[in-house]
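Welcome, and thank you for opening the viewer.

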Amino acid sequence: MNIISIQNNIGLPKYKQIILSIEKAIEEEKLVKGDRLPSVNKVCLAFSLSRDTVLLGYDELKKRGIIYAIPGKGYYVKSVEITIKQKIFLLFDELNSFKEDIYNSFLQHIGKNVQVDIFFHHFNAPVFEKLINDANGNYTKYIIMPTNLNDVVKSVKTLPVGEVIILDQTNPGLKMYPAIYQNHEKDIFEGLLKGKTRLNKYEKLILIFPGFREPLGMKTGFEAFCREYDFAYEIITEFTDREITLGDLYIIPNDRDLVRVIEKARDQNLKLGLNFGIISYNETPLKKIVASGITTISTHFETMGKILADMVLKGRKEQIENKSSLTMRNSL
């Protein structure tokens, strides 16, 4: 018990005194990796504390990865890296260049003394649920990208409500959580509207929308724009064995389909921006130079990472709609 010191009337909550005592013991090597901590009951009796107070201190250390619990046996030192003040669970859908931009920006702005563990659910609901269950109670913050998965709300609600941030897409069942998200319906509508003067030269607007990973808002925003401004339009799930017709404008969320359309145009000897057009979703460096420049509708991924870091560091509880813009290039 000599590793824990509790004082009255010093203006510091007693659960934080427990944390500081254990950190100091580790720093002075009075506790090393694998050592067992005093039991919750012993600390309660020694200092006349409630179980909730002691558990609050131990749970905070557990979330930071400094200690771990063995049910029925007690708490043990897991790591002597006491400089880690926040341990963050980051759950993405998949790894691609856009997510890499968010991740790198987040790491750049989150600062030191923070451990970020990144996981991917690959649009698989059982994997999503397992990763959430395994992480529960082991982190100070949970940043979740639920995408368009069904039945994820139940899993997310098992996490501590004050420690969850929703990223990229949200839904009505997750409205109680802070979020930084894209408004896909609004983004595609306003992006097309900004480029409308160039769109007027095309005969038909075609959205390639597989519907598996893509947000439904893209489809509804595209349909709303075409109907309001009286554009002929079509929605297809894939681009295979299809001829490009003169006057077609393709809106393409997936980069694989972007490559297929460009290759098909080359085979048909069609000139991009003259015989047909392309608007791609999500900005990447390559789109500045591929086919003399591809027009994009894209959110600002680096900004998303920066705002996310600020939300974590300052404990902000807002729901923030990340900005999107149309970048005009030769493909339109």
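Where is Thr147 found? Select Thr147, and you land in the loop between S5 and helix H6 (153-156). Helices (H or I, at least four residues) and strands (E, at least two) are DSSP runs, numbered from the N terminus.

Before going on, a word on what you are looking at: this is a predicted model, in which local features need pLDDT of at least 70 and side-chain atom pairs count only at pLDDT 80 or more, while totals for chains, interfaces and linings use all residues. Residues are numbered from 1 along each chain as its sequence is written, and side-chain values use heavy atoms, with hydrogens and water left out.

**Stop 1: two residues with positive phi**

Stay on Thr147 for a moment. Its phi is near 50°, a positive value in a residue other than glycine. Thr147 counts as buried because its relative accessibility is 5%; buried means under 20% relative accessible area, exposed means over 50%, and partly exposed lies in between (1.4 Å probe, protein chains only).

Now select Asn113, in the loop between H4 and S4. Asn113 also has a positive phi, of about 60°, although it is not a glycine. With a relative accessibility of 40%, Asn113 counts as partly exposed.

**Stop 2: an aromatic cluster**

Next, select Phe89, Phe119, Tyr139 and Tyr142 together; these residues form one aromatic cluster. The structure holds 14 aromatic pairs. Rings of Phe, Tyr and Trp (its six-membered ring) pair if their centres lie within 6.5 Å; planes under 30 degrees apart count as stacked, over 60 as edge-to-face and the rest as tilted.

Start with Phe89 and Phe119. Their ring centres are 5.0 Å apart and their planes stand at 35°, so this pair is tilted. Because Phe89 lies in strand S3 (residues 86-92) and Phe119 in strand S4 (residues 114-120), the pair ties together parts that are 30 residues apart in sequence.

Phe89 belongs to strand S3 and Tyr139 to the loop between helix H5 (125-135) and strand S5 (141-144), so the pair ties together parts that are 50 residues apart in sequence. Both Phe89 and Tyr139 are buried.

Lys87 lies over the face of Tyr139, at 4.8 Å from the ring centre; a charge sits over a ring if NZ of Lys or CZ of Arg is within 6 Å of the ring centre and within 35 degrees of the ring normal.

**Stop 3: the largest pocket**

Which residues lie nearest the centre of the largest pocket? Select Glu94, Asn96, Phe98, Pro253 and Asn282 to see them; the whole lining has 23 residues. On a 1 Å grid over the protein atoms alone, a pocket is an open set of points with protein on both sides within 12 Å along at least five of seven lines, whereas a cavity is a set where a 1.4 Å probe fits but cannot get out; lining residues have an atom within 4 Å of a point.

The largest pocket has a volume of about 470 Å³, where a volume is the space filled by probe spheres set on the points, and grid points are joined across faces, edges and corners. Helix H4 (97-110) and helix H10 (255-267) are the elements that give two or more residues to the lining. H4 gives the most, with three residues.

**Stop 4: the cavity**

A search of the whole structure finds one cavity of 30 Å³ or more. To find its lining, select Lys141, Gly162, Val164, Ile165, Pro178, Met311, Gly315, Arg316 and Lys317.

**Stop 5: pairs along the chain**

Finish with two C-alpha distances. Val77, in strand S2 (residues 74-77), is 46 residues from Leu31 along the chain, and their C-alpha atoms are separated by 7.5 Å. Val290 sits in the loop between strand S11 (277-281) and strand S12 (295-299). From Val290 to Ile3, 287 residues apart along the chain, the C-alpha separation is 63 Å.
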